[in-house]
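Colleague: Hi! Could you walk me through this model?
Modeller: Happy to, here it is.

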Amino acid sequence: MTRPGLTTLVLSGLLAAGAVDAAQYEIAPEGSNVQFSVPVFGVSKVTGKFMRYDVEIDAGKKADLSQAKVVAVIETASVDTGSDSWDGKLRSPAWFDAPRYPEVRFESRRVHKSGKAWEAAGTLTIHGVAKEITLPFAIEGRFSGAKPDDRIGIHATFAFDRREFGMAWANNPEAKVAGNKVTVDISLLARRKGK
């Protein structure tokens with residue numbers, strides 16, 4: 001199973017950028033990453049990524065894409081920081097609590113263009129807490145026209161405060177040394193289905 005989630009925050013751009021009759025796209029895992037970083041001790045940072053995620057894209061039936069729908073899911077247990085120690089801590093109840101909250105989920109509500117950039121608005125759920133967010137993203141390539149590109153690049157960077165999603169504990173030693181700001185970097189390679 002290949003699963004990108006906070007990833008889908010950006011994937012909404014797939015639908016927003018092209019015509020309804022354009023080909024549908026799917027994520028190519030060999031060119032996609034969902035990464036994050038958190039400051040530690042105020043002088044360094046822990047970085048990681050998620051290895052399993054999934055994205056569903058439905059362009060809807062209206063030409064203005066007002067019915068477009070994107071759902072992305074990340075498996076929290078698939079977190080990989082390159083450190084067995086940190087991976088175990090992040091999966092534990094002290095952080096993601098993967099057994100109780102196995103997924104990070106994003107479900108789009110609206111996709112629109114803001115100036116020269118695109119934005120996806122929707123609900124992001126982490127650690128059982130749902131928040132409305134707006135994610136700006138950029139697209140490399142062309143979705144519309146007589147010959148849309150077979151492969152498209154999508155990129156987004158955003159940050160959130162982990163405390164807003166219930167991940168702040170007075171009795172967690174790691175939480176005391178880790179910063180509250182989590183930066184997420186999403187790079188996706190999308191390919192036309194059937195290609």
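Colleague: How many salt bridges are there?
Modeller: The count comes to four salt bridges, taking one to be a side-chain nitrogen of Lys or Arg within 4 Å of a carboxyl oxygen of Asp or Glu. This is a predicted model, where local features need pLDDT of at least 70, side-chain atom pairs count only at pLDDT 80 or more, and totals for chains, interfaces and linings use all residues. Residues are numbered from 1 along each chain as its sequence is written, and side-chain values use heavy atoms, with hydrogens and water left out.
Colleague: Which residue does Glu75 form a salt bridge with?
Modeller: Arg52, with the closest N and O atoms 2.7 Å apart. That pair links distant parts of the chain: Glu75 is in strand S5 (residues 69–75) and Arg52 in the loop between S3 and strand S4 (53–58), 23 residues apart. Strands here are DSSP runs of E, at least two residues, and helices are runs of H or I, at least four, numbered from the N terminus.
Colleague: And is Glu75 buried or exposed?
Modeller: Glu75 counts as buried at 17% relative accessibility, while Arg52 is partly exposed at 33%. Buried means under 20% relative accessible area, exposed over 50%, and partly exposed in between (1.4 Å probe, protein chains only).
Colleague: What does Glu132 meet in a salt bridge?
Modeller: The side chain of Arg109, at 3.3 Å, N to O. Glu132 lies in strand S9 (residues 129–140) and Arg109 in strand S7, again 23 residues apart.
Colleague: Switching to rings, how many aromatic pairs does the structure hold?
Modeller: Four. Rings of Phe, Tyr and Trp (its six-membered ring) pair if their centres lie within 6.5 Å; planes under 30 degrees apart count as stacked, over 60 as edge-to-face and the rest as tilted. Phe160 and Phe165 have ring centres 5.3 Å apart and planes at 75 degrees, so that pair is edge-to-face. Phe160 is buried at 13%, and so is Phe165 at 2%.
Colleague: Which residues do ring pairs link into a cluster?
Modeller: Phe36, Phe50 and Phe96.
Colleague: Last topic: what is the mean pLDDT?
Modeller: It is 79, and 76% of the residues reach 70 or more; pLDDT is the predictor's confidence in each residue, from 0 to 100.
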